[in-house]
Amino acid sequence: MAAIKLDDRDIKILALLTKEGRMSKAALAEKVNLSATPCWERLKRLEKAGIISGYHAEVELKLIAPHVSAFVMAELENHRAETFQTFEAAIARYDEITACWAIGGGFDYLLQVVTHNVDTYQALIDELLGSGTGLARYFTYIVTKPVKISATPPISLLLSATDEKN
């Protein structure tokens with residue numbers, strides 16, 4: 001897929017929506033100094049290109065339910081393609097695994113898990129270990145307090161670094 005060329009207004013649209021996804025189309029158009037129709041067309045083009053992949057609400061979990069958050073470093077039993085595919089397919093089936101990244105270095109994956117408590121976390125791990133997912137070893141890091149959580153990528157910063165290279 002060819003890279004989509006972004007101009008300053010596209011970048012501003014992205015930056016605004018990452019901070020306030022519920023912004024009305026009229027307010028967005030006003031903030032990027034466009035009329036509603038051209039702003040809407042840009043937004044649809046960004047969505048169609050896959051640059052905007054969704055809109056989400058940030059939920060303060062501690063206000064609605066007790067929970068435990070953990071990060072898990074996972075190592076697979078071997079590095080065959082089918083083992084990675086099996087593991088990734090298994091991970092996709094668990095809602096409590098809220099994120100999973102394939103990583104380089106000493107481990108194969110970093111998982112983010114949010115579940116009711118340590119017992120339900122351990123039940124999840126036991127199930128992963130016993131169900132042929134290829135998980136060989138894991139290390140658990142329980143979150144004791146969030147220090148910084150941002151779903152807002154530094155778009156302007158990242159794109160300015162790209163511009164400097166071109």
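User: Which residues does serine 69 touch, not counting residues up to four places away in sequence?

Analyst: In this predicted model, serine 69 lies in strand E1, which covers residues 68–76. Leaving out residues up to four places away in sequence, serine 69 touches Val113, Val114, Tyr141, Ile142 and Val143.

User: Is serine 69 buried or exposed?

Analyst: The cut-off for a buried residue is a relative accessible area under 20%. Serine 69 has a relative accessible area of 18%, and is therefore buried.

User: Which residues does threonine 115 touch, and what is its relative accessibility?

Analyst: Threonine 115 is found in strand E3. Setting aside residues up to four places away in sequence, threonine 115 touches His67, Val68, Glu96, Thr120 and Tyr121. Threonine 115 counts as buried, because its relative accessibility is 10%.

User: How many bridges join strand E2 to strand E3, and which residue is the bridge partner of isoleucine 97?

Analyst: Strand E2 comprises residues 97–102 and strand E3 residues 109–115; the two run antiparallel and are joined by 5 bridges. For isoleucine 97, the bridge partner in E3 is valine 113.

User: What is the phi of glycine 105 in the turn between E2 and E3?

Analyst: E2 and E3 form a hairpin, with 6 residues between them. Glycine 105 is in that turn, and its phi is positive, at about 110°.

User: What phi does asparagine 33 have, and where is asparagine 33 found?

Analyst: Most residues other than glycine have a negative phi. Asparagine 33 is not a glycine, yet its phi is positive, at about 60°. Asparagine 33 is found in the loop between helix H2 (25–31) and helix H3 (36–48).

User: Is asparagine 33 buried or exposed?

Analyst: A residue counts as exposed when its relative accessible area is over 50%. The value for asparagine 33 is 60%, so asparagine 33 is exposed.

User: Which residues are in contact with lysine 12, leaving aside its neighbours within four places in sequence?

Analyst: Lysine 12 is placed in helix H1, residues 8–19. Its relative accessible area is 41%, so lysine 12 is partly exposed. With neighbours within four places in sequence left aside, lysine 12 is in contact with Lys31 and Val32.

User: What separates the C-alpha atoms of lysine 12 and leucine 28?

Analyst: Lysine 12 and leucine 28 are 16 residues apart along the chain. Their C-alpha atoms are separated by 9.4 Å.

User: What pattern does the chain follow along the sequence?

Analyst: The secondary structure comes to 6 helices and 4 strands. Read along the sequence, these follow the pattern α-α-α-β-α-β-β-α-β-α.

User: Why is the chain more spread out than a compact globule, and what does its C-alpha trace span?

Analyst: For 166 residues the globule rule gives 15 Å, whereas the radius of gyration of the chain is 20 Å; this is well over the rule, so the chain is more spread out than a compact globule. Along its principal axes the C-alpha trace spans about 55 × 40 × 25 Å.

User: How far apart do the centres of the positive and negative side chains lie?

Analyst: The chain has 18 positive side chains and 21 negative ones. The centres of these two sets lie apart by 9 Å.

Key: Residues numbered from 1 in each chain as written. Predicted model: local features only at pLDDT ≥ 70, side-chain atom pairs only at ≥ 80, totals over all residues. Heavy atoms only, no water. Rg over C-alpha atoms; globule rule 2.2 N^0.38 Å. Lys, Arg positive; Asp, Glu negative; His and termini not counted. Charge placed at Lys NZ, Arg CZ, Asp CG, Glu CD. Pairing = 2+ DSSP bridges. Buried < 20%, exposed > 50% of the residue type's maximum accessible area, 1.4 Å probe, protein only. Contact = heavy atoms within 4.5 Å.
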